[in-house]
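Thanks for making the time this morning.

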2 protein chains.
Amino acid sequence: MKLVFTKSNLTKAVNIVMKAVPTRTTMTILECILIDATTNVIKFTANDMELGIETIVEGDIIEKGKVALDAKFFSEFIRKLPDNEITLETDNNFIATIECENTKINIAGKSGEDFSYLPAIVKEKKITLSQFSLREVINQTLFSISMLDNNKLMTGELFEVSDNKLKVVGLDGHRIAIRNVTLEEHYNTIKAIVPGKTLSEISKILSTDAEAMVNVYFTNNHILFEFDNTLVVSRLIEGDYFKIDQMLSNDYETKITINKKEFLESIDRANLFIKESDKKPIIISIQDGSLKVNVKSAIGNFDENIEINKDGKDIMIGFNPKFLIDALRVIDDETVDIYLVNPKSPCFIRDKEQNYVYLILPVNFVA
Amino acid sequence: MKLVFTKSNLTKAVNIVMKAVPTRTTMTILECILIDATTNVIKFTANDMELGIETIVEGDIIEKGKVALDAKFFSEFIRKLPDNEITLETDNNFIATIECENTKINIAGKSGEDFSYLPAIVKEKKITLSQFSLREVINQTLFSISMLDNNKLMTGELFEVSDNKLKVVGLDGHRIAIRNVTLEEHYNTIKAIVPGKTLSEISKILSTDAEAMVNVYFTNNHILFEFDNTLVVSRLIEGDYFKIDQMLSNDYETKITINKKEFLESIDRANLFIKESDKKPIIISIQDGSLKVNVKSAIGNFDENIEINKDGKDIMIGFNPKFLIDALRVIDDETVDIYLVNPKSPCFIRDKEQNYVYLILPVNFVA
């Protein structure tokens, strides 16, 4: 095999497939990138058996062939090469020679015979949206899933398509994050639970260009993302997702409108008074025209007043500040509406159109 | 006590003294910043008993007094405050109240009675140079000292003043870094060994402004840096520094002139073929007009040719690539001259004026 790339095309492709290379594995073949130029295109593949990525790389095929190369070394090495033409050649023993300007190296490759290609996906159920939107909804919800493996369903996100709506939901037992996206076309109903790890990796390789689109295909066991020259396939999480509609409610006793930046910065300051270990809540006291943020802890007392618009009853309620910070950080609006019922019931941060809904459970406190 | 600061003056001063707050200590008073406004100026002090920093802060004294506050919390908290006036007030029990816009906090302070002020330094032996120069010579040599405590002398740098020259030397048994600075005035001879930790911290707070000067005072046991509104005092390391003049030599069998960037990037690439654990050297082969960088390791083979100008004999010599990389990184010149004798003798990277001299010991290799 003999291939010629520009440095920028090569590094771009390697950075994409690297997202599916496991950091730790007992199967050394999974630590490799498969470089396949047996057809008329050059295809790079990496696959950790949960998540697989395949991308077509621009380059010249001087001689067809394929080889599997250690992903980490290959990626680090080509990054350090001069910005010029890079030649990759292999011999019958899969020894790879890489040349660029005055640099020449030999490294041992593998035949790639035992490499797992991506599973074939039947392209039936499909939706199309912009890469930008997909990245946004992932980043605006993914923080609220659980990192712990003891409830597998909580480590993924629900993707629910109905008509021209995509709803993405993440939850961890203390909070729920929901984002709704309007799609350009109308679709049949689809429900799938996508692993958080997959969403985290794909959000890093989606384009920020608002015009660039992504096709998303669903089967019973897999999700396939197709964009630019890249395919990303992931297993789905099996099971029935939580019935979140029962937990959502539009009733409230108190509604406030507050400047998002002021509220976020105040909670961020208050958070310094809370140590991970003692799990103290911050206490929010809402009265006409003002919201008070208060913490009393071993470190000291914190008090801050923020101007608000209020409808309904006064209320005093405790929260884990982290949950408020996480939700407020991903809201782009200048002001946010917050709906409350009583100190034992969840609060909702949501906009009028319910493009976003953040449910946060309160924490008991001793006044 | 009641003091009023702007946020920027307060954070600047806290960031300076924080450099002398130990990350771990059993004496909680050392984790504090002493805020002393008993006179007509506001003075912040931190002192880990090896290194002490004192800085005068701009601000209004409404009521005189002093207090010691937990440095880490105070620093983090004021950083998160809005960019506005900050009031610090203490009561008779050293409870501190900090107010800024709508935020108000109370934290427990300490009287500061048991706080260790900086030792009084007799200002006799002094040199003056620009803060920029001092920062540069520290950054250009400090990497070559030893991090291990088993030879205390190697954890510091020699500061040697003679006439109008300051020589700064760091070494770790495998290499020596020397920088010479010409001073504007002439001085008597001074020799002092300054702890690496002190130099590392002071290089972070020295100004990058070429006009700003620093006075450096030496006593038998201490060094004092005086600049802007700040004093930094450090203990010196006791003992006689290594006799490095015996190790330096201007004789050579081979002299090359090489493009610094090309050489550095080539070694950086070659370094990927060497694992920390196997301690393989890179092998440099010098012939007329060309320098070859070569590594043979378990990872593979690396070869690169770089054009050079050569005087004298051909030579083949092995090096730890890290030592070459460290030295080349801090040299600003476009080309460097390298002097070699034989594969067992140190090489020297130095400029004609000997503003810098980097000695690097070679490593044995099997050709």
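Lys72(A) and Glu76(A) form a salt bridge in which the closest N and O atoms are 3.9 Å apart, a salt bridge being a side-chain nitrogen of Lys or Arg within 4 Å of a carboxyl oxygen of Asp or Glu. This is a predicted model, in which local features need pLDDT of at least 70 and side-chain atom pairs count only at pLDDT 80 or more, while totals for chains, interfaces and linings use all residues. Residues are numbered from 1 along each chain as written, chains are lettered from A and ligands numbered from 1 in the order written, and side-chain values use heavy atoms, without hydrogens or water.

Both residues of that pair lie in helix H2 (residues 71-79) of chain A, four residues apart, about one turn of the helix; helices here are DSSP runs of H or I with at least four residues, and strands are runs of E with at least two, numbered from the N terminus. Lys72(A) is exposed at 56% relative accessibility, whereas Glu76(A), at 25%, is partly exposed, where buried means under 20% relative accessible area, exposed over 50%, and partly exposed in between, with a 1.4 Å probe and protein chains only.

Turning to another pair, Lys310(A) and Asp288(A) meet in a salt bridge of 3.0 Å, N to O. That pair links distant parts of the chain, 22 residues apart, with Lys310(A) in strand S19 (residues 300-312). Lys310(A) is buried at 15%, but Asp288(A) is exposed at 64%. Over all chains, the structure holds 35 salt bridges.
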